[in-house]
Amino acid sequence: MADAQPIETVVPPTSAPDDVLRVEHISKRFGPVTALRDVNLHLRKGEVLGLLGDNGSGKSTLIKTISGFQKQDSGEMFLHGEPYRPRGVDDARSQGIDTVFQDLALIDELSVYHNMFLCREHVHHPIPLLANRRMKRETRTALDEIGINIPRIDVAVARLSGGQRQAIAVARTVNSDADILLLDEPLAAMGAKEGSMILDLVARLKAEGRVSIIMILHNYVHVLQACDRVSMIQDGVITLDKPTNETSVEELTEIVVNEYRRAREQERSERQAQG
Amino acid sequence: MSSVTGGPPASESQASGEGPEPRARSFDTHGPLARVLSLREGSIIVVAIVTAVYFSLETSNFLTGANFKTLLPYFAPLTILAAGEVFVMILGEIDLSIGAMYLFSPILFYKLSTAGISLVPSVVIALLCCMAVGAVNGFFTAVVGISSFVATLGMLFTFEGLSLIISHGAPVNTPGAEVHQTTVKVEHVVNGHHIFLTETVNHVGTFAKIFGAGTYSEFIWAIVIVFLLQTALTFTRWGLHTVAIGSNKLGAAEAGVSVRLITIRNFVLCSLTAGLVGILEAVRAGSVQPDPSGANEILFFAIASAVIGGTLLAGGSGTVIGALIGALFLGILQDGLILQGVNANYKLFYLGLAIIVAMTVNVYVQRARRGHGSG
């Protein structure tokens, strides 16, 4: 049914000489649901790419595929020009791709510093006991650098506010020595104050130029403010790929308005066909 | 998004906003009791102590060295069983097959030993077989996706049945646990006269002394295992990832925790400790009893020890030391009821009521503890 619907433009595979990541013809189905049909995407070094899309358009599926959490059905990914086939989240992380998932992947029962180092814990040698003091110290430094105020880092994260938890998830990824960061709605549970702190952090990372970032956002103003380029994903394909200085809130809004209008027309024609 | 993150209750965030260390302050103002209560297994420690004090006041011989020795076989085996079970329960799973491993491993040990394999290698092979069963439990749970309750219930029946088949339902003497009797002349002083009386002394071999027959053998095994497993749980990546899976399985997987591997590993550990207890108990008793109902009772007591010791059936939280205290509590109850001269027919009845009363008290002690803001 979705296949029958005409999509105005599908962005073909594009590339730039300084690409760190390229995603070509990725598709992914979950039973009867096609989450990704044919996704083409590229990410340049030091770039912040904003990914927009309606609920269920496939944004999170795409992020989970790049992050190594799940495998695509078809298509190829390239990391620094080499074929990239992550065997898992850990493998992707060891290749320099780290992710803030939409659900944050925080463990309520564990302390802030154990969450910060989850799955890349420091241990002593030769007996591999957890180096808690070192992890606490580095957590404190990392949180201070970001400027998020978390009074105590040895309490369970269950006791923190939504914004604080989100800040910890972002700090964990930023602190991970990865050179590609995937942020799935990093501002979702945040108030203006904490949200602007994360946007400042992204701006600072961009200025440093070391990392490249793909960020899922909902707020067009944030996209235009924080990102170099914006891609829109609709019905499992990328339909827009533009530098942010060549687009505007109006254009992005119009695309979405058109999408809603098309969906409504389609529903009406289906109902007529049935009736 | 709000459904995923869910902030803490307002009262808690207020408490943490009051000052940098509200928890430390409640220690200072409420003294050592609050300090004990702030431990996860704190409330059950209090309940166990109260129970012990009750029995020492009610009976004249509860607080004696001899009674401590009687108490040991009640709680040491339960402690070891519960210690392994805690690792599975923290994952949010349950292993019912420990009853079968408890029954199966000494029978296998007997078969191997009578087939000509020497004692220690027989123990090792029997325990390796238990670990293989644990790996199968883990495989069904983590890879196939059967609920661990059902998968391990199936394994419980299967291996209890297998135990009956290979043992033909007949009890046998435990290899290596034979008792040799010697007579010695012991000097006594009676009315100022030195006289010698002949006494019979029982001897067991070194193997038996180490594997359960020595007075403190099971106790030492229990203490060493609790120490090692609590250390693993609190201070290693394995323990941290175990808690992570039990608390938020999807989140742990997204963070890169190998959920399947840890799940299988913990089931293997649980089967290993159960198999070990089976052999220790068979050596201590001197005979291998193919009795599934006894094994099932042990299974329930072991899981009860873990739960009483503060391990959540839902997963994400629990301690090995708590399991030790839970087992100690059950041991004190059983031993105390016997010392009080409770009719054998009433023992189980009173035991059940006492568990319910104690756990009700435990809930109130925990609420008091939360009141200190240190939950």
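Modeller: Let us begin with contact: two residues are in contact if their C-beta atoms, placed from the backbone, lie within 7 Å. The model is predicted, so every value here is computed from predicted coordinates.

Colleague: With that criterion, which residues does Ala302(B) touch, not counting residues up to four places away in sequence?

Modeller: Leu78(B), Leu81(B), Ala82(B), Glu85(B) and Ile98(B) are the residues touched by Ala302(B) under that exclusion.

Colleague: What makes Ala302(B) and Phe329(B) stand out in the largest nonpolar core?

Modeller: Among the 169 residues of that core, Ala302(B) and Phe329(B) touch the most other members. Helix α13 of chain B, residues 259-285, supplies the largest share of the core, with 13 residues. The term core requires buried residues of listed nonpolar types, joined through C-beta atoms within 7 Å.

Colleague: How much of chain B is buried, and how many helices and strands does the chain have?

Modeller: Buried residues account for 43% of the 375 residues in chain B. The secondary structure of chain B consists of 16 helices and four strands. Of the contacts in chain B with a separation of 6 or more, 76% are between residues 24 or more positions apart.

Colleague: Why is strand β3 of chain B called hardly covered?

Modeller: A residue is buried if 20 or more other C-beta atoms lie within 10 Å of its own. Among the eleven residues of β3(B), 193-203, the count of buried residues is zero, so the strand is described as hardly covered.

Colleague: What makes β2(B) and β3(B) a pair of strands?

Modeller: Two strands pair if at least two bridges are found between them. β2(B), residues 180-190, and β3(B) have eleven bridges in the antiparallel sense, and therefore they count as paired. One of the bridges has Glu187(B) with Phe196(B) in β3(B) as its partner. The two strands form a hairpin with two residues between them, and Asn191(B) in the turn has a positive phi of about 50°.

Colleague: Where in chain A is there a hairpin with two residues between its strands?

Modeller: β9(A) and β10(A) form such a hairpin, and Asp235(A) in its turn has a positive phi of about 50°. These antiparallel strands, residues 229-234 and 237-243, are joined by six bridges. Met232(A) has Leu240(A) as its bridge partner in β10(A).

Colleague: How are helices α7(B) and α8(B) packed?

Modeller: α7(B), residues 119-144, and α8(B), residues 148-167, pack at an angle of about 150°, with their axes 9 Å apart. The crossing of α7(B) past α8(B) is right-handed. Val133(B), Asn137(B), Phe140(B) and Thr141(B) in α7(B) meet Ser148(B), Ala151(B), Thr152(B), Met155(B) and Phe159(B) in α8(B). By class, this contact has five nonpolar, four polar and no charged residues.

Colleague: Is Leu104(A) buried or exposed, and how do you know?

Modeller: Leu104(A) has 28 C-beta neighbours inside 10 Å. The cut-off for buried is 20 or more, and therefore Leu104(A) is buried. Leu104(A) lies in the loop between β6 (97-100) and α3 of chain A, and has a positive phi of about 75° although it is not a glycine.

Colleague: Is Cys119(A) buried or exposed?

Modeller: Cys119(A) is buried because 20 other C-beta atoms lie within 10 Å, and 20 or more is what the definition requires. Cys119(A), in the loop between α3 and α4 of chain A, also has a positive phi of about 75° without being a glycine.

Colleague: Is Pro17(A) buried or exposed?

Modeller: Pro17(A) has 6 C-beta neighbours inside 10 Å; the limit for exposed is 12 or fewer, so Pro17(A) counts as exposed. Pro17(A) lies in the segment before β1 (19-30) of chain A.

Colleague: What is the peptide bond from His125(A) to Pro126(A) called, and how do you know?

Modeller: The bond is cis, with omega near 0°. Pro126(A) is in the loop between α3 (112-116) and α4 (132-146) of chain A. In general, most peptide bonds are trans.

Colleague: How many residues of chain B are in contact with chain A?

Modeller: In chain B, 27 residues are in contact with 33 residues of chain A. On the chain B side, α11(B) gives the largest share, five residues. That side divides into twelve nonpolar, twelve polar and three charged residues.

How values were computed: Residues are numbered from 1 along each chain as its sequence is written. Chains are lettered from A and ligands numbered from 1 in the order in which they are written. This is a predicted model: local features need pLDDT of at least 70, side-chain atom pairs count only at pLDDT 80 or more; totals for chains, interfaces and linings use all residues. Ala, Val, Leu, Ile, Met, Phe, Trp, Tyr, Cys and Pro count as nonpolar, Asp, Glu, Lys and Arg as charged, and the others, Gly among them, as polar. Axes are lines fitted to C-alpha atoms, for helices over the stretch in contact, and angles run from 0 to 180 degrees between N-to-C directions. A crossing is left-handed if the near helix is turned anticlockwise from the far one by less than a right angle, and right-handed if clockwise.
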